[in-house]
Amino acid sequence: DYELYGRLRTKIADAGYTTLAIQMPVLPSTEILGKYVPLYPDARERIQLAVDFLKAKGYRKIGLVSHSLGATMANQYLIRTDDTSVQAWVFISIIQGLQEMFRIKIPVMDIYGSQDWTVTRWGAPERLKEISKVPGSEQVEIPGAKHFYEYREDDLMKVIVPFLDRSLQHPASGAVK
């Protein structure tokens with residue numbers, strides 16, 4: 001809940017949403033991405049626990065906002081869960097691409113920076129092709145943004161909050177409850 005994550009969480013809360021920060025499994029920074037694959041079940045369990053917590057508190061309109069490898073882990077959760085509580089997904093700078101997008105039936109927003117990591121930028125056309133099959137989904141490139149969106153949190157908020165408002169029909173948006 002620091003740097004980009006803490007700033008986004010605070011700004012999303014300021015927009016009227018209740019937020020949680022879910023700590024995903026972390027390996028040493030020198031590890032290769034492939035070493036995370038065995039940790040995906042643990043990540044799915046952590047996301048499910050957060051969803052269950054929100055449901056127990058009475059929340060029925062749940063959105064998921066994730067970044068980088070956390071977005072890849074959220075993708076793994078969404079393609080394998082039978083729980084339909086998550087109704088919108090924002091993924092920011094996903095690094096391993098979408099897997100089995102055909103299983104995801106909720107609106108998604110794919111955000112990446114024009115100066116993002118190469119793997120994220122190069123995968124954008126294929127991701128757009130996949131998410132275009134899901135009504136309400138969209139892709140946004142943030143001009144000048146790098147992978148961690150330093151000083152670009154306001155640019156992210158200009159697209160994230162309206163998307164969540166539309167997708168979740170948030171009362172603050174003026175949408176129908």
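**Close-up views of a predicted model**

**View 1. Threonine 19 in a loop between two helices.** Threonine 19 is placed in the loop that runs between α1 (3-14) and α2. The model shown in this and the following views is predicted. Is threonine 19 buried or exposed? Its relative accessibility is 18%, and because buried means under 20%, threonine 19 counts as buried. The side chain of threonine 19 makes a polar contact of 3.0 Å with the side chain of arginine 9. Leaving aside residues up to four places away in sequence, threonine 19 touches Arg9, Ile12 and Ala13.

**View 2. Helix α2 and its buried face.** Helix α2 comprises residues 40-56, 17 residues in total. From its first C-alpha to its last it reaches 24 Å, close to the 24 Å expected at 1.5 Å a residue. Which residues of α2 are buried? They are Tyr40, Ala43, Ile47, Gln48, Ala50, Val51 and Leu54. When α2 is seen down its axis, these buried residues fall within an arc of 160°, and therefore they line one face of the helix.

**View 3. The surroundings of helix α2.** Against which elements do the buried residues of α2 pack? Their partners are the strands β1 (62-67) and β2 (86-92), together with the helix α3 (69-80). Just after α2, glycine 58 adopts a positive phi of about 100°.

**View 4. Pairing of strands β1 and β2.** Strands β1 and β2 pair in the parallel sense, and six bridges are found between them. Within this pairing, serine 66 stands opposite phenylalanine 91 in β2. β2 is mostly covered, since six of its seven residues are buried. Phenylalanine 91 is buried, with a relative accessible area of 0%.

View 5. How many of the six residues of β3 are buried? Six of the six are buried, and the strand is described as mostly covered. Both faces of β3 are covered: one side carries the buried residues Val108, Asp110 and Tyr112, and the other carries Met109, Ile111 and Gly113, which are also buried. β3 runs parallel to β2, to which four bridges join it. Here isoleucine 92 stands opposite isoleucine 111 in β3. β3 also runs parallel to β4, and five bridges join these two strands. In β4, glutamine 139 is the bridge partner of aspartate 110.

**View 6. Two aromatic pairs.** A search of the whole structure finds two aromatic pairs. In one of them, the rings of tryptophan 89 and phenylalanine 91 have their centres 4.5 Å apart and their planes at 40°, so this pair is tilted. Tryptophan 89 counts as buried, at 0% relative accessibility, and phenylalanine 91 is likewise buried, with a relative accessible area of 0%. The other pair is formed by tryptophan 117 and phenylalanine 148 and is edge-to-face, with 5.9 Å from centre to centre and 80° between the planes. Where do the two members of this pair lie? Tryptophan 117 lies in the loop between β3 (108-113) and α4 (118-122), whereas phenylalanine 148 lies in the loop between β4 (138-142) and α6 (153-168), so the pair ties together parts that are 31 residues apart in sequence. Tryptophan 117 is partly exposed, with a relative accessible area of 41%. Phenylalanine 148 counts as partly exposed as well, at 36% relative accessibility.

**View 7. Two loop residues with positive phi.** Glutamate 100 is not a glycine, yet it has a positive phi of about 50°. Its place is in the loop between β2 and β3, and glutamate 100 is partly exposed, with a relative accessible area of 31%. Tyrosine 151, which is not a glycine either, has a positive phi of about 60°. This tyrosine lies in the loop between β4 and α6. Is tyrosine 151 buried or exposed? Its relative accessible area is 80%, and because exposed means over 50%, tyrosine 151 is exposed.

Notes: Residues are numbered from 1 along each chain as its sequence is written. This is a predicted model: local features need pLDDT of at least 70, side-chain atom pairs count only at pLDDT 80 or more; totals for chains, interfaces and linings use all residues. Side-chain values use heavy atoms; hydrogens and water are left out. The expected span of a helix is 1.5 Å times one less than its number of residues. Buried means under 20% relative accessible area, exposed over 50%, partly exposed in between (1.4 Å probe, protein chains only). The arc is that of the directions from the helix axis to the C-beta atoms. Contact means heavy atoms within 4.5 Å. A polar contact is a pair of N or O atoms within 3.5 Å; within protein, one must be able to donate a hydrogen and the other to accept it, and residues adjacent in sequence count only if both atoms are side-chain atoms. Rings of Phe, Tyr and Trp (its six-membered ring) pair if their centres lie within 6.5 Å; planes under 30 degrees apart count as stacked, over 60 as edge-to-face and the rest as tilted. Two strands pair if DSSP finds at least two bridges between them.
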